[in-house]
Amino acid sequence: MSKVLEKDGEATHAAVREHYARSAREAAELSAGSGCGCGTASAGNACCGAGDITGEANLAQGDAAPVLASWGCGSPTAIAALRPGQVVLDLGSGGGYDAFLAARAVAPAKGAAGRVIGVDMTPEMLELARANAQRLGLDQHVEFRQGYIEALPVEAQSVDVILSNCVINLAPDKAAVFREAFRVLRPGGWLSLSDIVSDRPLPQAQRRDLASWAGCVSGAQTEAEYLGAIRAAGFTPVEVTSREAWHREGEVQLFSLTLRAFKPG
Ligand SMILES: C[S@@+](CC[C@H](N)C(=O)[O-])C[C@H]1O[C@@H](n2cnc3c(N)ncnc32)[C@H](O)[C@@H]1O
């Protein structure tokens, strides 16, 4: 990365971290699936989030109910075809929503071999996710690490499946994220993700708006650029499983895209 880009990258990371630190604090204070993730004032009500994991996965039990907010924009876990015993990595794990769904699938019984690693750069999200894992009794199988998805704190070729839900659009260097995902996957492994993309480039002035970036708008690439970056990292084939209209920003239509991409075996 050039010096100018590095500086822009740091400013973007800081703005995104501040936004999601606030979301995590709000969710913890409200003790409910709340706090807006993707979505800004300019994006109106367009807020990915506040999903209810309790009904979906029957995870929450008893008085120590966890704060299971989802700030995602799709269901990458539903198409991940997870199997018991696998090692799963969740990029931008937030409060742990998808990581916990994955843990139930790869480690259906206590002591089973499957495990999940969540990586997130926001300390408040990590704190929320770790507290949730304890309350759910999943802390033996799920671990949350602090780090950037552009420089993963994960060993090469150590992961079977990577999940990510509404995160990569927030990264200043998306090509680096896909290169890192390819590095840590085992041959034959796959990436299963949901993310925001657009049908045409956003205006340059908007791309510099960090509040809009943190709300999952300004950082969105066109679908063609996004899929091109995944293929350039070495993934093939890349299979789009759904594309849903999410929000309109002037002339530009934004979509929530869900896909699987494979590392050749
Ligand atoms: C929209 S939230 C999605 C959280 C979670 N995946 C979910 O579905 O609830 C985005 C999350 O990604 C994290 N994040 C954003 N950019 C990141 C980066 N470059 N490296 C690591 N984490 C990042 C944020 O801290 C936040 O927790």
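Biologist: Which residues does A103 touch, not counting residues up to four places away in sequence?

Modeller: This is a predicted model, and a touch here is judged by C-beta atoms that lie within 7 Å of each other. Leaving out residues up to four places away in sequence, the residues that A103 touches are V116, L138, H141 and V142.

Biologist: How many residues surround the ligand, and which are the closest?

Modeller: The shell around the ligand divides into 13 nonpolar, 10 polar and 4 charged residues. In total the ligand is surrounded by 27 residues, of which the closest are G72, G92, G94, T122 and N165.

Biologist: Which helix gives the most to the shell around the ligand?

Modeller: At least two residues of this shell are supplied by each of α1, which covers residues 3-30, and α3. With 4 residues, the helix that gives the most to the shell is α1.

Biologist: What percentage of the residues of the protein chain count as buried?

Modeller: The secondary structure of the protein chain comes to 8 helices and 7 strands. A residue counts as buried if 20 or more other C-beta atoms lie within 10 Å of its own, and of the 265 residues in the protein chain the buried part is 50%.

Conventions
Residues numbered from 1 in each chain as written. Predicted model: local features only at pLDDT ≥ 70, side-chain atom pairs only at ≥ 80, totals over all residues. Buried ≥ 20, exposed ≤ 12 C-beta atoms within 10 Å, placed from the backbone. Contact = placed C-beta atoms within 7 Å. Near = placed C-beta within 6 Å. Nonpolar A, V, L, I, M, F, W, Y, C, P; charged D, E, K, R; others polar.
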